[in-house]
Amino acid sequence: MLNTVLAITGLVVVTISGCATIAGQLPVPQPHRPSGAFRAGVARVDITPAPGFPMGGHSKAGRIARGYWTRLFARAFVLEDAAGNTLVLVSCDLWSVPAGLVDRVAEILLTRAETHHIDRDQLVLAATHTHHSPGNFSTSAFYNTWASPSVGFDARLFEFLAQRIAQAIVNAARARRPATLSHVVSPLNGVTRNGSLPAFLLNADRTEIDEGVDPRATAL
């Protein structure tokens, strides 16, 4: 009984220690003068933290970073139509992108001259889901507790990532140039497989796959 009580108490303490409160208020976006043409800008900024951070996504089986094989980057794309409507797409070499991190990036952007017209709703940040990225920057207590080998929230890491991702977006906004947007639709046969049986049965090559024959080999 005593061991059970101690275990429950320890779990409560661990969970509480993983909690983080991020407070802020988004400024009002400023008016933006349209250019009258479609423009696009791209930029890449290094977001690799210093060694010593626990890596995220593998929970207690994760490791502490001792260095790096390749760097981590935020790749930003800023797209603006002729009326000045802006969309920001960012691919981040992180195991996840918490909503609170996007909020903080939006807050930073609204204080910069190049991006003070970009609202929170115009940002789309996505993670490449690499487990070589750090943990403990989430605004979810659950992930700060269980997603890495260490427990807790690192405010300095959180701010470092937010500032670097925001800088990638600012650089992309500065790099905007007249651009052409094109759209192409093309089938990619043999590249992917449907994991759902009903969807799989709609494949044109389902019979060949069922029989273990590579349809690409029959075309040779």
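I begin with F153, which is partly exposed at a relative accessible area of 21%; the classes are buried under 20%, exposed over 50% and partly exposed in between, with a 1.4 Å probe and protein chains only. This is a predicted model, in which local features need pLDDT of at least 70 and side-chain atom pairs count only at pLDDT 80 or more, while totals for chains, interfaces and linings use all residues. Residues are numbered from 1 along each chain as its sequence is written, and side-chain values use heavy atoms, with hydrogens and water left out.

A search of the whole structure gives three aromatic pairs. Here, rings of Phe, Tyr and Trp (its six-membered ring) pair if their centres lie within 6.5 Å, and planes under 30 degrees apart are stacked, over 60 edge-to-face and the rest tilted. F142 and Y143 have ring centres 5.7 Å apart and planes at 75°, so this pair is edge-to-face. F142 is exposed, at 53% relative accessible area, and Y143 is partly exposed, at 41%. For F153 and F158, the centres are 5.6 Å apart and the planes at 55°, so that pair is tilted. F158 is buried, with a relative accessible area of 4%. One aromatic cluster is formed by W95, F142 and Y143.

Next, the charges over rings, for which NZ of Lys or CZ of Arg must be within 6 Å of the ring centre and within 35 degrees of the ring normal. R44 lies over the face of F73, 3.8 Å from the ring centre. The ring of Y68 has the charged end of R71 over it, at 4.3 Å from its centre.

How many of the eleven residues of helix α2 are buried? Eight are, so the helix, residues 99-109, is largely enclosed by the rest of the structure. Among these buried residues are G100, L101, V102 and V105. Their cover includes β4 (123-127) and α4 (155-174), where contact means heavy atoms within 4.5 Å.

An α-helix has 3.6 residues a turn, so residues three or four places apart point the same way.

Conventions: Helices (H or I, at least four residues) and strands (E, at least two) are DSSP runs, numbered from the N terminus.
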